[in-house]
Amino acid sequence: MTGVLLLGGTGEALTIARRLSPEHVYSLAGLGRTPGDLVCRVRVGGFGGVEGLAAFIKAESVGLIVDATHPFAAQMSRHAAAASAMTSVPCWALRRAPWQPGPDDDWRSAFDFASIMAAIAPYKHPFWTLGREPLDHLDEIPSGQHWTIRCLDPHVGHARATIIAARGPFSLDGERALFDQQDTDVLISKNSGGAATEAKLAVARERGLPVVMLQRPSLPQVEREFTDMASLLNALDALRKAP
Ligand code: NAP
């Protein structure tokens, strides 16, 4: 198999990267931790847009792009598909299924920050689990609200926000304790899918709390799409064994 360029940023991508040999490259944006114990090559940081990515693919003789980025990292996915078209190097993508509401869930759809702000207006203690975006809006916290913001980045703090730097997976009991401690009355989440950050939805459900759910961005078509990691790993194995 010619070299794989694995675009990461998820737990699944790291699991795949652990199975790659030294001729393959694992690429990270640099937002989270960079593992130091991989056999494959690891590169960190942007490529400089589609042209930069296409140039990297050619220079490194990449034979397959595997997009295992977060479902909300839509720009990177679009760049991967565009660079694939430019270079004629195929692109596969791992796209985990979105979460679906059950009969006991009270989910409200949001499509952008403004619609989230409108949806949480009646509540006092919103719990934000979107990543760092709410940190850019600390000066817009309505009077009468105190925000809990959980994201990867440590932050100095704010008089009307509790900022928690933490990385999943999160346990059910841990999430229950955090909801209690922060007196959470509404949860804000991206529809990321997957098990690692799902416990917060169970806590909202058992307490009858609303969830403002940010819908996924649209993602480009690619040669092959996988919804689970096992199928993608099997396909990579088949490619490796192919004559
Ligand atoms: P993005 O908007 O799709 O990407 C922005 C730029 O970051 C890309 O154009 C690319 O820069 C660089 N980039 C992203 N992923 C990369 C990778 N695997 N290797 C090399 N460069 C990469 O994604 P984002 O800004 O990272 O995040 C958007 C949303 O996804 C946020 O809501 C974030 O919380 C969520 N998310 C992202 C990650 C992650 O690791 N990226 C993980 C979890 C959640 P160039 O154009 O210069 O190539």
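Which residue with a positive phi follows H6? Gly208 does, with a phi near 65°. Helices here are DSSP runs of H or I with at least four residues, strands are runs of E with at least two, and both are numbered from the N terminus.

Some ground rules. This is a predicted model, so to speak: local features need pLDDT of at least 70, side-chain atom pairs count only at pLDDT 80 or more, and totals for chains, interfaces and linings use all residues. Residues are numbered from 1 along each chain as its sequence is written, and side-chain values use heavy atoms, with hydrogens and water left out.

Stay with H6. Its buried residues are Ala199, Lys200, Leu201, Val203 and Ala204. Buried means under 20% relative accessible area, exposed means over 50%, and partly exposed is in between, with a 1.4 Å probe and protein chains only. Those H6 residues pack against strands E6 (106–110), E7, E8, E10 and E11 (210–214), and against helix H5. Contact means heavy atoms within 4.5 Å.

Now H5, residues 172–182. Glu175, Leu178, Phe179 and Gln182 are its buried residues. Seen down the helix axis, they fall within an arc of 100°, so they line one face of H5. That arc is taken from the directions from the helix axis to the C-beta atoms. Turned away from the buried side are the exposed residues Asp173, Asp180 and Gln181. What covers the buried residues? The cover includes strands E7 (126–129), E8 (147–151), E9 (161–165) and E10 (186–190), plus helix H6 (199–207). Just after H5, Asp183 takes a positive phi of about 55°.

Next, aromatics. The whole structure holds five aromatic pairs. Rings of Phe, Tyr and Trp (its six-membered ring) pair if their centres lie within 6.5 Å; planes under 30 degrees apart are stacked, over 60 edge-to-face, and the rest tilted. Trp92 and Phe226 form a tilted pair, 5.5 Å centre to centre, with 50° between the planes. Trp92 lies in strand E5 (residues 91–94) and Phe226 in strand E12 (residues 224–226), so the pair ties together parts 134 residues apart in sequence. Trp92 is buried, at 6% relative accessible area. Phe226 also counts as buried, at 6%.

A second tilted pair joins Trp128 and Trp147, 4.6 Å centre to centre, 50° between the planes. Trp128 sits in E7 and Trp147 in E8, 19 residues apart. Trp128 is buried at 0%, and Trp147 is buried at 0%.

Last, cavities. How many of 30 Å³ or more turn up in a search of the whole structure? Two. On a 1 Å grid over the protein atoms alone, a cavity is a set of points where a 1.4 Å probe fits but cannot get out; lining residues have an atom within 4 Å of a point. Points are joined across faces, edges and corners, and a volume is the space filled by probe spheres set on them.

The largest cavity holds about 130 Å³. Its lining has 13 residues, with Thr69, His70, Pro71, Leu94 and Arg95 nearest the centre.

Conventions:
1 Å grid on protein atoms, 1.4 Å probe; cavity = no way out; pocket = protein on both sides within 12 Å on 5 of 7 lines; lining within 4 Å.
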